[in-house]
Amino acid sequence: MSNELGKWLILLGGMLLLTGILLYFWGDKLGWIGNLPGDIRVERENFRFYFPVTTMILASIFFSLLLTLVFKIFRNGG
């Protein structure tokens, strides 16, 4: 195994750990995720359709910024 793969596995494990801690301690305060203005929700008697447009846009922006930061750290030899 290369050192680079080891770095990525440590980074992935750290991100999973932080996500788990966030959800465990503050999961009840994150109810707004998926219920933002712009999220499409259609509910009928025998039909449900949910398309979280705004939530996915915000998630995309967040993960793009996070990956940009990670790539800059790894590119500089961090």
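**View 1. Lining of the largest pocket, by residue class.** The lining of the largest pocket has 14 nonpolar, three polar and no charged residues. In this classing Ala, Val, Leu, Ile, Met, Phe, Trp, Tyr, Cys and Pro count as nonpolar, Asp, Glu, Lys and Arg as charged, and the others, Gly among them, as polar. This is a predicted model, in which local features need pLDDT of at least 70 and side-chain atom pairs count only at pLDDT 80 or more, while totals for chains, interfaces and linings use all residues. Residues are numbered from 1 along each chain as its sequence is written, and side-chain values use heavy atoms, with hydrogens and water left out. The lining is made up of 17 residues, and Leu22, Ile33, Ala59, Phe62 and Phe63 lie nearest the centre of the pocket. Helix H1 (3-26) and helix H2 (53-75) each supply at least two residues of this lining. The space in the largest pocket comes to about 490 Å³. A pocket is an open set of points on a 1 Å grid over the protein atoms alone where a 1.4 Å probe fits, with protein on both sides within 12 Å along at least five of seven lines; lining residues have an atom within 4 Å of a point. Grid points are joined across faces, edges and corners, and the volume is the space filled by probe spheres set on the points.

View 2. Helices (H or I, at least four residues) and strands (E, at least two) are DSSP runs, numbered from the N terminus. The 23 residues of H2 should span 33 Å at 1.5 Å a residue, and the end C-alpha atoms of H2 are 32 Å apart, which agrees. The expected span is 1.5 Å times one less than the number of residues. Thr55, Val70 and Phe74 are buried in H2; buried means under 20% relative accessible area, exposed over 50%, and partly exposed in between (1.4 Å probe, protein chains only). H1 is included in what covers the buried residues of H2. Ser64 is also found in helix H2, but counts as partly exposed because its relative accessibility is 41%. Between the C-alpha atoms of Ser64 and Val53, 11 residues apart along the chain, the separation is 16 Å.

**View 3. Surroundings of Thr55.** Thr55 has its place in helix H2 and is buried, since its relative accessible area is 12%. Not counting residues up to four places away in sequence, Thr55 touches Ile33, Gly34, Asn35, Leu36 and Asp39, where contact means heavy atoms within 4.5 Å. The side chains of Thr55 and Asp39 are joined by a polar contact of 2.8 Å. A polar contact is a pair of N or O atoms within 3.5 Å; within protein, one must be able to donate a hydrogen and the other to accept it, and residues adjacent in sequence count only if both atoms are side-chain atoms.

**View 4. Arg41 in strand S1.** Strand S1 (residues 40-43) holds Arg41, which is partly exposed because its relative accessibility is 45%. Its side chain makes a polar contact of 2.9 Å with the side chain of Asn35. Neighbours within four places in sequence aside, Arg41 is in contact with Gly34, Asn35, Phe49 and Tyr50. Arg41 and Phe51 lie 10 residues apart in sequence, with 6.4 Å between their C-alpha atoms.

View 5. Tyr50 is partly exposed, with a relative accessible area of 36%; Phe51 is partly exposed at 47% relative accessibility. Leaving aside neighbours within four places in sequence, Tyr50 is in contact with Gly34, Asn35, Asp39, Ile40 and Arg41, and Phe51 with Asp39 and Ile40. Tyr50 and Gly34, 16 residues apart in sequence, are 9.4 Å apart from C-alpha to C-alpha.
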